[in-house]
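Biologist: I'd like to learn how to read a model like this one. Could you walk me through it?

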Amino acid sequence: MTNLTGSRQPPPYGQAQRRAAIPAQRGPAHSREPTVQQPPVPRFQRGSRFRHRRLQPFVPWLFLAPALVLFLYFKILPMLQGVQMSFYEVRPYLGDRYVGWSNYVEATTQPLFTKAIFQTIVLAIGTTVGSIVIGFLLAILVEGQARHLVLVRTAAFLPVVTTMAVVAEVWRMLYYPDGSGALNTIIGWLGFGPQPFLASEHQALGSVMLVGIWRGAPYDMMIFLAGLATVDRNLYESAAVDGAVRWRRFVHVTLPALRPVITILCLLAALRGLRSFTEVFLLTNGAPNGSTEVVMTLIYKLGLEQGKLGVAAAGSMVLFAATAVVTLAVHAWRRQAALR
Amino acid sequence: MRPRTENDSLHTVLGLQSRNGPLAVLLKTILYGGIIVVFAGPLLAVLVGAFSKVPNPTKFSLFPHGFTLDNFNVAGHRGVYRYLLNSFVVVGFGLLLQMIVSVFASYALARKRFRGAAIVMLVVLATMMLPEEVVAIPLSVVLSDLPVFHVNLIGTYLGMILPLGAWGFSIIVMTEFMREVPMTLEGAARIDGAGELRVFWSVILPVCKPALGVISVFGFTMIWDQYLLPLIVAREPSQFTLPIALRTLRADDQVGIGVLLAAALLALLPSVIAFLLFQRQFTRGLSVEAVGR
């Protein structure tokens, strides 16, 4: 059926059929074999593989089928399963028992959970603000076309493409609490005593946060650079002509242009912070004394280690609600800002 | 793109490039050196540590102590290459599945008008808003007894691969790109009698190569970074992917830090190399992810 080269072969069935429907315009209706002189009729007819017009409406669905099946099985069904499980005490072999909202009550009021929720929010806000501020500073420092700047940007971006498992393992080693640990050695050169980092209840969450910032800042830097590239250079020029100082130009030209970028980075980083699991799981897994426990690590422990699937599901739903609220709030805010 | 002028330095926020006095150059060198050390230094230390003798097995040294390949030999005895192979199996088949599923779905969404298209698009966008962590626990239940088929995918490669298949991001990127392909191109092929699959394969896909580059690089790093999914699915160490095996390696008393570093190096290299080779595609994907365009 390959007929991409010439038009000497008979037109596909569908075409002939259509011609039959409008014989007045298209010559003899029954002529299935046009002569060489007759040029091909330029019309956007449907393909020949799916000949029957009746099948046409199904073509898009055939193409969509694999995606829809996978979404159904691995996104939609688990979500429904989660909603259902969150109202049950899941008991293997005994049958599940309906418990109403009590899983939710446990997931929002139990000290274990409230502490984890609080620490998750602290971690999310800390990494969001930290990585945006540092990412922005990095962006304005390495902005430009010079070749050495490209090198600096590439090197700074490496943490983002390094798998989180490696990032966490490396930082675990760097944070070695003894005076001989890598980071403590450097701190020692600066004249400070060794710090316990992850081993201390007071420093652990901050140390986890620092890892999040270290990996998040270069990402934000790249987005800021993309944003800076879109700032209209003519505005810079006219600002220079008007004799605006660099600082004023920054406040009145650059910052307003970057506002949408900052909003979206806040959203992405906040979501990243709320759902953070791998780094906490590998760095501390909630230790010491629960001071770094976040919602996801707690859910993992309850669900997969202690088999309390119902409570874990309820916790997941609470986390989902939090991410949905943040997402919708930021979108609403953006829309409002766009209207203004 | 405007041609570069010497005035360009003026157009960065700080205008650092126009300062070229000796002091400024020195300060800039220190600054840029500092940035490289802070962000790439720890990863460089992994590279150095993996190839050096380790005097103290619990200590991560900043300085090399003589070249050796011992760490990789011991890592081999500890099954690290098996984990690496598992990782490649998951990323290979996962990415293949993800790309096939995405281009097929995007073709329908971008090139066909049909009832329900808007709803499908909404579903795709909704799944992007749904963090994979949220469905992790229920997913483990679904995987242990897949509805209709009633198979248990826990402890199988399929369990780690299939959930990666449908990824909203790559569907959106492909759809946006396919929409831009002019209709005349498709029409010309159809006149010549090309069928649906032929149009898809020989007309649309070749034009979409840039977008294919973006979704393959992005998909690769995304799958390589997977942690929770293999952690939930893998039952026995022989099924571990390299990232989740790092934790067991660390907990293994017999294994020194050098071996852990060797394994960490093997776990970080593929995605870093993919990024370095396809930086342009990667940056483009980033701006799509963040700015939507």
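This is a predicted model: local features need pLDDT of at least 70, side-chain atom pairs count only at pLDDT 80 or more; totals for chains, interfaces and linings use all residues.

Biologist: At what angle do the axes of H4(A) and H8(A) cross, and within what distance do they come?

Modeller: For a helix pair, take the approach and the angle together. Helix H4 (residues 111-141) of chain A and helix H8 (residues 204-230) of chain A have axes that come within 6 Å and cross at roughly 45°. Angles under 35 degrees count as roughly parallel and 65 to 115 as roughly perpendicular, so H4(A) is oblique to H8(A).

Biologist: And which classes of residue make up the contact of H4(A) with H8(A)?

Modeller: By class, that contact of H4(A) with H8(A) has 17 nonpolar, eight polar and one charged residues.

Biologist: Let's move on to the chains. How many residues of chain B are in contact with chain A?

Modeller: For an interface, count both sides, then ask where the residues come from. Here 86 residues of chain B contact 91 residues of chain A. On the chain B side, the largest share comes from helix H1 (residues 22-50) of chain B, with nine residues. That side of chain B divides into 60 nonpolar, 15 polar and eleven charged residues.

Biologist: What does the predictor give for the complex?

Modeller: An ipTM of 0.89 and a pTM of 0.84.

Biologist: Now inside chain B: which domains does the assignment give?

Modeller: The domain assignment of chain B has domain 1 (6-73) and domain 2 (79-291). Their C-alpha centres lie 32 Å apart. Domain 1 of chain B puts twelve residues into the contact, and domain 2 of chain B puts in nine.

Biologist: Which elements give two or more residues on the domain 1 side?

Modeller: Those are H1 and helix H2 (70-77) of chain B. H1(B) gives the most to this side, with five residues. By class, the domain 1 side that touches domain 2 of chain B has eight nonpolar, three polar and one charged residues.

Notes: Residues are numbered from 1 along each chain as its sequence is written. Chains are lettered from A and ligands numbered from 1 in the order in which they are written. Two residues are in contact if their C-beta atoms, placed from the backbone, lie within 7 Å. Helices (H or I, at least four residues) and strands (E, at least two) are DSSP runs, numbered from the N terminus. Ala, Val, Leu, Ile, Met, Phe, Trp, Tyr, Cys and Pro count as nonpolar, Asp, Glu, Lys and Arg as charged, and the others, Gly among them, as polar. Domain bounds come from an automatic or database domain assignment. Axes are lines fitted to C-alpha atoms, for helices over the stretch in contact, and angles run from 0 to 180 degrees between N-to-C directions. Angles under 35 degrees count as roughly parallel, over 145 as roughly antiparallel, 65 to 115 as roughly perpendicular and the rest as oblique.
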